[in-house]
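Biologist: Before we discuss anything, could you please show me the sequence and the structure?

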Amino acid sequence: MESSTSTGRTGSWALYIALLAAWTAMLGSLYFSEVRGYVPCALCWYQRILMYPLTGLIAFGILRRDRHLPFLVLPFSLLGQGVSTYHYLIQKTTIFGGPTACAAGVPCTTAWINWLGFITIPFLAMIAFLIITIAVLTAYYSDQPSEKNRMPVRWPVVAIIALALLIYGGVYGQAQAAKEAAATALPVTVLEGTEDAEHNPVEPAAPSATLEEGKLLYAQACAACHGPNGEGIVTLGNTLVASKFLTTNDDAAVLAMIRAGREPNAADNASGVAMPASGGRPDLTDTQLTAIIGYIRNGLPQ
Ligand code: HEC
């Protein structure tokens, strides 16, 4: 009896872990898109479609003490794992045809985050789906059908959801307040480096091989947000042909800006949309980015 009670416990804890993982994943993804301003790509949307219903499904399953909950969860979590693994592989490898694998809107290869060099958003999704899969399987197999009252107590469901919403609400509210404060602070911030432009000689036109490379890389890494001709795309990226930033900053400063990306609430952000660090392509070298900058300056149709 002792031991079956403790396996029953494992089952309940496992379901709570699944619930927590689903809520963390949903609110984390909303944090990235709504607070940080990262634009979800098509594959991100499929992962959301598979993850978000789990927040309710698992909660109701626990509340109704439904033994069949794992069978309802698994189709979502396994499919989600498939999509996020595929997404991660196209970000990090070229086995599915490289950077142009999914080109409409934000390129799916855009890595908004790249923590420690391998943790990207689809990587986090992959982990969350995996935790959920393992947790519901654990719950199912540690469950004794004959045992009454083996399913978890209910109050933690409400507690987890309330806590998750509270944290998210706090972070979101704070970010909103910061945005408002930034909007009223300085109307226009002139960037440092402006004075550099004066004694920066007119750059010699880049050699055509570099220009060709820059053109190719631009099309792969930047065009989806800045437009095929650098004209900009509303809600994704601003114009580069009529960019004051580009005319008043030298290559090194532009390179530094591209490497760092630009937060939506940065003083010099005019559109309130985030630019991912390195344009979401941490794999590009300084030389490659400099080739892109050369192409933007000298190769784009003006
Ligand atoms: C996911 C969309 C996205 C991608 C991909 C992207 N950018 Fe951006 N970029 C932005 C946004 C958004 C801004 C900031 C807009 C603002 O400040 O209002 C920006 C700003 C910039 C600026 C500053 C322009 C100015 O006038 O302030 C440069 C330069 C730039 N990007 C270059 C690049 C290059 C080069 C690449 C490819 C390696 C790239 N971007 C990829 C979205 C993107």
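**The iron site**

Modeller: The protein donors of the ligand's iron atom (donors being N, O and S atoms within 2.8 Å of the metal, or 3.2 Å for Na, K and Ca, with water not among the atoms, so sites may look incomplete) lie 2.0 to 2.1 Å from it and are His226 (NE2) and Met275 (SD). This is a predicted model, in which local features need pLDDT of at least 70 and side-chain atom pairs pLDDT 80 or more, while totals for chains, interfaces and linings use all residues. Residues are numbered from 1 along each chain as its sequence is written, and side-chain values use heavy atoms, without hydrogens or water.

Biologist: What arrangement do the six donor atoms around the iron atom of the ligand make?

Modeller: Six donors count as octahedral if opposite donors are over 155 degrees apart and all others between 65 and 115. The angles subtended here are 84 to 179°, and therefore the arrangement is octahedral.

Biologist: Are His226 and Met275 buried or exposed?

Modeller: Buried means under 20% relative accessible area and exposed over 50%, with a 1.4 Å probe and protein chains only. By that criterion, both His226 and Met275 are buried.

Biologist: How far does a polar side-chain atom of Ser271 lie from an oxygen atom of the ligand?

Modeller: A polar contact is a pair of N or O atoms within 3.5 Å. For Asn238 the distance from a polar side-chain atom to a ligand oxygen is 3.5 Å, and for Asn269 it is 3.0 Å. For Ser271, the distance is 2.6 Å.

Notes. Four donors count as tetrahedral if all angles lie between 85 and 135 degrees; four count as square planar and six as octahedral if opposite donors are over 155 degrees apart and all others between 65 and 115; anything else is irregular. A polar contact is a pair of N or O atoms within 3.5 Å; within protein, one must be able to donate a hydrogen and the other to accept it, and residues adjacent in sequence count only if both atoms are side-chain atoms.
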